[in-house]
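Colleague: I have just opened this model and would like to learn how to read it. Could you walk me through the features one at a time?

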Amino acid sequence: MTHKLADECRKREAEGALAPAGVGRGEAQAVREGIRSDHIQWLEPGQSPVCDDYLEVMDGLRQQLNRELFLGLEEFECHFAFYPPGAFYQTHLDRFRDDDSRSVTAVLYLNPDWQPAHAGELRMHMPDGSQLDVPPLAGNLVVFLSGEFPHEVLVTQADRLSLTGWFRRRPADPLAV
């Protein structure tokens, strides 16, 4: 499946379907290439059989996380992320300041021939102050709590492809007591 997903991402990139990624949301969303320089396209059911298969696998993971960890995850949203050489994403959290519905981040890497010289690692900033660099090797799935782990994508020296997504729960009701 990973190879087919990589082909799908490359096809969409070649067709110009991936757009510069923004930061923020709503009216505050803007493309800020000094912060983030990847290109993305959101997945929707029915776009392609391989994407539908991936969304089904991730729904199974959502159900398993709920069974094992009682997280109350209701949905999964994701996009292809394409980083051309020189692209990066500065340190950030995957949860918006005013919306805690993104609970768990999941990143599937789609790079079959990744080499250490290609760089582009996911750098996780751990609670103890250490850093963990994860190379974007095809088939690796990185899963972490969206609001707990600052992370960044280091500058890549080769095309870097992934599916990046978030398991979401219903946002907290500010009027609930």
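This is a predicted model: local features need pLDDT of at least 70, side-chain atom pairs count only at pLDDT 80 or more; totals for chains, interfaces and linings use all residues.

Colleague: How many aromatic pairs does a search of the whole structure find?

Modeller: Rings of Phe, Tyr and Trp (its six-membered ring) pair if their centres lie within 6.5 Å; planes under 30 degrees apart count as stacked, over 60 as edge-to-face and the rest as tilted. Here the search finds four aromatic pairs. One of them is the tilted pair of Phe76 and Phe167, at 4.6 Å centre to centre with 40° between the planes. This pair links distant parts of the chain, as Phe76 in strand S3 and Phe167 in strand S10 are 91 residues apart. Both Phe76 and Phe167 are buried. Phe144 and Phe149 make an edge-to-face pair, 6.4 Å centre to centre and 80° between the planes.

Colleague: In what order do the six strands of the open sheet come?

Modeller: Strands of a sheet pair through backbone hydrogen bonds, either parallel or antiparallel. Strands (E, at least two residues) and helices (H or I, at least four) are DSSP runs, numbered from the N terminus, and two strands pair if DSSP finds at least two bridges between them. In this model the order is S1-S2-S3-S10-S5-S8, with antiparallel pairing. The edge strands, S1 (19-20) and S8 (141-145), each pair on one side only. Between S3 (residues 75-83) and S10 (residues 160-168) there are nine bridges, and Phe82 stands opposite Leu161 in S10.

Colleague: And where is the hairpin formed by S6 and S7?

Modeller: Look at residues 122-125 for S6 and 131-134 for S7, an antiparallel pair with four bridges. Five residues lie between the two strands, and Gly129 in the turn has a positive phi of about 95°. His125 stands opposite Gln131 in S7.

Colleague: Which strands does helix H2 lie across?

Modeller: Helix H2 (residues 49-69) lies across S3, S5, S8 and S10, at about 130° to S3; axes are lines fitted to C-alpha atoms, for helices over the stretch in contact, and angles run from 0 to 180 degrees between N-to-C directions. The buried residues of H2 are Val50, Cys51, Tyr54, Leu55, Met58, Arg62, Leu65 and Asn66. Seen down the axis, these residues fall within an arc of 155°, so they line one face of H2; the arc is that of the directions from the helix axis to the C-beta atoms. The face turned away from that buried side carries the exposed residues Pro49, Glu56 and Glu68. What covers the buried residues includes H1, S3, S5, S8 and S10, where contact means heavy atoms within 4.5 Å.

Colleague: Is Ser48 buried or exposed?

Modeller: Ser48 counts as buried because its relative accessibility is 9%. Ser48 sits in the loop between S2 and H2. Leaving aside neighbours within four places in sequence, Ser48 is in contact with Glu8 and Arg12.

Conventions
Residues are numbered from 1 along each chain as its sequence is written. Side-chain values use heavy atoms; hydrogens and water are left out. Buried means under 20% relative accessible area, exposed over 50%, partly exposed in between (1.4 Å probe, protein chains only).
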